[in-house]
Amino acid sequence: MAEEKIIIFDTTLRDGEQSPGASMTVDEKLRVAKQLEKLRVDVIEAGFPVSSPGDFEAVQRIAALIKECSVAGLARAKVVDIDRAWEALSGAVHPRIHTFIATSPIHMRHKLDMQPDQVVEAAVAAVRHASKYTSNVEWSAEDAGRSDIDFLCRIVEAVIAAGATTVNIPDTVGYTLPHEFGERIRILTERVSNIHRATLSVHCHNDLGLAVANSLAAILQGARQVECTINGLGERAGNAALEEVVMAIRTRRDLLPFHVGVVTTEISRASKLVSVVTGFPVQPNKAIVGANAFAHEAGIHQDGVLKEATTYEIMTPDSVGLTANRMVLGKLSGRHAFRDRLEMLGYELSSEHLERAFRRFKEVADKKQELFDADIEALVDDEVIRETEHYRLVRLHVASGTQDTPVAAVELDVQGSQVRGASWGAGPVDAVFQAITQVVPELKGMALQLYQVHAITGGTDAQGEVTVRLAKGDQVAQGQGADSDVIVASAKALINALNKLAHKGGRARQGI
Ligand code: KIV
Ligand code: ZN
């Protein structure tokens, strides 16, 4: 019997981006969307168009760009949301309107202030309205994990009758256990008389670390779409991690007899890209995409893997697109070799970006003899990511030592004007941050919540990757910077976070 397909619905650009500090610019979202298309996810949820002009623009541009996947836009059960979603999506080859309303007693009473009958009426009206634009309509029962199961069956039947072609059951607060969540799905498949007319979907949050387990339990009971995000990004503890769901299905075909359309060799690239654009590093022991996911440190393990890889490896690093971190290029390598390597790593750069990245590569290669794949990826991401900046680092000079007070002088380009500042500090990084604060006075009102450095490769000449998290009121932004000088990387990371806050400040976001 042919294996049934599990539809992979990626919501990195919508639910993932709702994670505090993970905001992306429109250009960054376009880059992620392109990578998701290469990964061959089935649906890309590109944003929540009514929530801000920035979200609207992102959905509209992604809808125009993506040809192979469906592009979805989120909308509450309101005419204005649905109209705005369609306005953004209408240029897509395969548009999908995703409308939702909360169905749990807690949400209906405290958030919506609506009676259950009114919620059914609003859900049906929303689906009918969306169906006037497209037959590809998804409806979600927010907080379905804590909803009354009889009510859930009733509302699901009503929205399918109204035209919903996908019905999504979210565990919005990550509360359920796998057997319990699977049971909800089983009951829906048994009790909802028209369930065969829609695809049953799940959307699990990870508050108890069970998002992937719950999604798999749901598949076993009849769900055929899983909503997930790259690196498990998302509200609070995040969503089910796409890479974990997909690789579990691929690795355990014996117990999960399904197939997915995802090109798994694009997983590592997608993970790195999302990490770079959001500034959220991937924890080293993260399943599938963590730096240690395929590392064998203990001698007994190394010995076993050398004799026969399957002794300790249940998947190959190649299957998720991890190539050996070989020494690839040096300072004598030319433009051709550099371009070939970038192509192998999955980058498609315009000639202008390629030229900039190549210049940057030469600078790094002058300082560092051996460049590994990770170095190349870091420098390209670092260069390309900084193209539409409000603030740009032009020059930095730092002096420090055992007998001297650390001092820093900095020159920034602020939307075309050059500004300079200088300061001393407790250490060189502090001096740099103080000097930048002189030219960006808004920094004074911001809290530095995180400052973290990590070496991209081994050796004292390794490039350092710095992550900085800044908070201003209820807005949070993470920035990253990479350089073989960690002080320069620190300045870049701070400026990257400032740019993200500058971009966020320009969008009045409406919460869900
Ligand atoms: O978690 C949730 O319930 C959601 C819905 C809007 C699908 O993200
Ligand atoms: Zn969610």
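## Buried charges, cysteines and salt bridges

Q: What sort of model is it, and which pLDDT cut-offs apply?
A: It's a predicted model: local features need pLDDT of at least 70, side-chain atom pairs count only at pLDDT 80 or more, and totals for chains, interfaces and linings use all residues. Residues are numbered from 1 along each chain as its sequence is written, chains are lettered from A and ligands numbered from 1 in the order in which they are written, and side-chain values use heavy atoms, leaving out hydrogens and water.

Q: Back to E266, which residues does it touch?
A: Leaving aside residues up to four places away in sequence, E266 touches Q35, K38 and L39; contact means heavy atoms within 4.5 Å. The side chains of E266 and Q35 also make a polar contact of 2.9 Å. That term covers a pair of N or O atoms within 3.5 Å; within protein, one must be able to donate a hydrogen and the other to accept it, and residues adjacent in sequence count only if both atoms are side-chain atoms.

Q: And where is E266 found?
A: In the loop between β10 (258-259) and α10 (267-278). Helices (H or I, at least four residues) and strands (E, at least two) are DSSP runs, numbered from the N terminus.

Q: New topic: how many disulfides?
A: Zero in the whole structure, taking a disulfide as a pair of cysteine sulfur atoms within 2.5 Å.

Q: How far is the sulfur of C228 from the closest cysteine sulfur?
A: 10 Å, again to C204, and too far for a bond. C228 is buried too, at 0%.

Q: OK, how many salt bridges does the structure hold?
A: There are 30. One of them pairs E3 with R253, with the closest N and O atoms 3.4 Å apart. E3 sits in the segment before β1 (4-5) and R253 in the loop between α9 (242-251) and β10, so the pair ties together parts 250 residues apart in sequence. E3 is partly exposed at 32%, and R253 is partly exposed at 40%.

Q: What about K29 and D55, buried or exposed?
A: K29 is buried, at 1%, and D55 is buried, at 1%. They form a salt bridge with the closest N and O atoms 3.3 Å apart. This pair links distant parts of the chain, 26 residues apart: K29 is in helix α1 (residues 26-39) and D55 in helix α2 (residues 53-65).

Q: Which residue does E142 pair with?
A: K111, with the closest N and O atoms 2.6 Å apart. E142 is in strand β6 (residues 137-142) and K111 in helix α4 (residues 105-112), so parts 31 residues apart in sequence are tied together. E142 is buried at 13%, whereas K111 is partly exposed at 39%.

Definitions and conventions:
Buried < 20%, exposed > 50% of the residue type's maximum accessible area, 1.4 Å probe, protein only. Salt bridge = Lys/Arg side-chain N within 4 Å of Asp/Glu carboxyl O.
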